[in-house]
Amino acid sequence: MSEVNTGRRSGGWTRFVTARPRLSLLVALVITALAVFAGSGVADRMGSGGWEDPDAESTYATTALEREFPASEPNLLLLLDSGSRSVDDPAVAAEARRLTDRLTAEKGITGVGSYWQTGAPALRAEDGREALIAARIEGDEKAAGEVLDRIAPAYRGTHGPLEVSVGGPVAVRHEMQSIIQEDLLRAELIALPVTLVLLVMVFGSAVAALLPLGLGIVAILGTNAVLRGITEFTDVSVFAQNLTTALGLGLAIDYALFIVRRFREELAEGAEVREAVGTTLRTAGRTVLFSALTVAVSLAAMLVFPQYFLRSFAYAGIAVVLLAALAALVLLPAALMLLGHRVNALDLRRLLRRGPRTSPRAEGAGWARVSALVMRRAPVFAIATTAGLVLLGLPFLGATFGTADHRQLPAGAESRVVQERIQDGFPGSPSGGLEILTEGSATPAEFADYRSRISALPEVARIDGPVTAGEHGYFTVLPKGEAVGEGAQQLVRDIRAEQAPFDTSVTGTAAVLVDSKNAIADRLPWAAGIIVVVTLLLVFLLTGSVLIPIQAVVLNALSLTAMFGAVVWVFQDGNLSGLLGFTSTGDIETTLPVLMFCVAFGLSMDYGVFLLSRIKEEYDSSGDHEQAVAFGLRRTGGLITAAAVILALVMVAIGTSRVTNTKMLGLGIALAVIMDAMVVRSLLVPAVMKLTGKATWWAPGPLRRFHARFGLSEGESIPAAGKRPGSSATSAPAKGEGRDEDRDRDTAGV
């Protein structure tokens with residue numbers, strides 16, 4: 001009865017999406033055009049920060065200092081180079097004062113100070129040839145970027161005896177945002193034509209190859225429109241656009257491969273077009289929906305974190321996954337209804353083919369041999385692949401977590417050059433160190449006592465202040481060693497542990513890092529718990545097994561070890577930095593591993609669902625466990641490999657970015673996808689399922705009944721109105737019955 005009801009529901013959906021295919025495609029075209037309009041300019045509304053916890057002590061202190069003492073938190077630095085002259089030369093000083101006065105008069109600028117006004121040693125280079133003008137641009141990231149765009153051209157370049165360069169945190173973020181946009185466009189120009197060529201090779205038919213590419217474009221444009229709407233209510237990171245492109249293309253291709261393959265199989269069996277579409281939606285379509293849910297859940301887990309950098313990827317990821325699935329389940333069936341057998345048209349591979357077309361049986365023979373070999377030597381493959389993956393992940397045990405800075409930018413970027421010249425040539429960075437905000441009244445003696453106790457801390461190099469205004473004040477503390485090193489982070493904790501007769505709050509780069517790490521550590525168990533629990537539930541609903549969901553979680557996590565090991569070995573330790581064109585910072589940005597885990601785990605589940613659905617379908621039909629595993633690998637091995645290669649190439653295109661974090665994200669996930677498809681799905685999963693035998697499918701009676709009522713699995717059930725001759729909606733065939741032809745049938749190219 002359950003299968004009949006499922007078939008009827010599927011039949012209703014089939015009738016809905018195929019009743020008027022031309023109207024469906026026309027409506028989709030109009031909506032896509034509106035999405036282009038709605039999503040235009042979305043990148044300009046995005047931010048390039050978002051690594052800090054908005055509720056942290058450091059964020060509160062930064063906001064208060066910006067309000068009460070804007071000069072204490074400069075985010076704009078003008079580096080003035082006097083060439084061979086001294087910065088104290090009268091002509092140099094006169095021009096510098098003129099630029100300082102001009103900057104002071106600019107709208108949106110506050111807290112302007114320069115070496116020529118204050119004489120502060122921190123604003124003068126040690127060689128006396130360079131000096132700084134420091135200021136603060138008011139407003140949020142978007143407003144500050146607009147002010148920078150307006151004023152920077154007027155200051156950058158030659159002014160009399162001075163050469164002026166623009167730097168500071170605002171300039172770093174703004175330049176990073178511009179580079180990401182440029183690199184994303186280049187990645188799209190690389191990925192789209194390469195993807196089309198690969199799809200033609202996979203499908204053979206140019207017509208079939210265009211379908212997943214079209215779905216991907218629809219998903220990307222729709223997600224841009226969604227993100228544009230979200231920016232009206234909250235901050236969104238510009239980095240999220242990279243995920244939109246990668247997942248939009250990758251998942252649309254995955255889903256289209258699965259659906260188009262099944263549709264072509266049904267046509268090859270002699271089904272009419274409408275019947276083939278209906279069967280495809282009831283089988284592959286159901287799997288696509290299930291897969292989209294698992295990926296969306298993995299990405300949604302990032303919503304538990306307070307940093308808008310991570311939340312942005314959840315917004316973009318959930319939107320693009322659901323839109324890709326919607327396009328695959330609505331637009332693609334409509335297109336297949338109109339194309340019918342013409343989906344196989346324009347076989348471009350025949351131009352390169354010599355001799356007769358390879359038979360379907362031969363095309364699947366390679367994966368049949370792989371499955372036979374793996375299951376014959378299951379213990380060897382299980383132990384060897386597990387040991388290899390664990391070994392590849394060992395470098396991650398030495399991971400050090402830090403924060404993103406100017407070194408994310410390419411070596412020639414202006415704001416990076418300015419920051420490096422300040423660090424190398426100035427006695428103390430005006431935007432570095434720690435600030436201690438004080439609130440409440442205090443006597444000079446109380447301030448002096450507090451300052452004395454802070455200066456006595458082992459990691460303090462120098463302490464200045466207090467600077468006071470009413471009941472607010474602040475101290476500036478320069479730590480020994482690196483500004484965000486372990487010593488500076490410990491200094492933050494030590495300062496916060498000191499008692500004072502007034503309220504204190506600590507901020508600065510190291511304080512932001514400490515708070516960010518604490519926020520991630522506090523919420524990471526919740527995010528992991530959400531992913532694990534929902535994955536266990538969804539895979540149980542798919543398979544009806546207790547053991548398979550546990551296997552899925554463990555093996556998915558194991559597939560990510562190579563990615564995390566490579567991230568540390570390459571990006572933290574600096575191996576291959578010259579080849580890949582980045583500067584190693586000696587650490588990994590704190591939020592990146594969380595992001596990469598959620599994305600890569602979701603994609604691994606995507607491939608896992610494809611494989612398990614076909615194994616389950618065969619097991620329900622034949623009752624033969626080993627035959628079902630071999631059948632699933634044979635029927636999906638080529639599909640999963642093709643999808644993984646295409647998605648990996650898209651991620652590699654993203655990884656050509658000149659911004660280090662984007663490069664790490666793209667190349668890391670590309671490696672994870674390849675390892676999952678070619679090692680875990682092809683070798684480890686069948687080996688483990690061989691070892692667990694028929695116990696793989698065990699579930700206690702109550703759970704079996706729960707699955708029978710609520711389970712969502714790919715099946716062959718067909719409603720009475722659409723039954724093929726000789727088929728039954730209410731009874732499964734006997735063991736092996738009616739499956740020989742199906743097992744031998746492989747669509748060309750997949």
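1. Contacts of Thr591. Apart from neighbours within four places in sequence, Thr591 is in contact (heavy atoms within 4.5 Å) with Trp51, Gln307, Phe309, Leu310, Ser516 and Ile520. This is a predicted model, in which local features need pLDDT of at least 70, side-chain atom pairs count only at pLDDT 80 or more, and totals for chains, interfaces and linings use all residues. Residues are numbered from 1 along each chain as its sequence is written, and side-chain values use heavy atoms, with hydrogens and water left out.

2. Setting of Thr591. The loop between β11 (588-589) and α22 (592-622) holds Thr591. Helices (H or I, at least four residues) and strands (E, at least two) are DSSP runs, numbered from the N terminus. Thr591 counts as buried because its relative accessibility is 0%; buried means under 20% relative accessible area, exposed over 50%, and partly exposed in between (1.4 Å probe, protein chains only).

3. Side chain of Thr591. The side chains of Thr591 and Glu589 are joined by a polar contact of 2.4 Å. Such a contact is a pair of N or O atoms within 3.5 Å; within protein, one must be able to donate a hydrogen and the other to accept it, and residues adjacent in sequence count only if both atoms are side-chain atoms.

4. Thr110. Strand β2 (residues 109-114) contains Thr110, which is partly exposed, with a relative accessible area of 22%. Leaving aside neighbours within four places in sequence, Thr110 touches Pro70, Ala135, Arg136 and Glu138. Thr110 and Arg136 are 26 residues apart along the chain, and their C-alpha atoms are separated by 5.3 Å.
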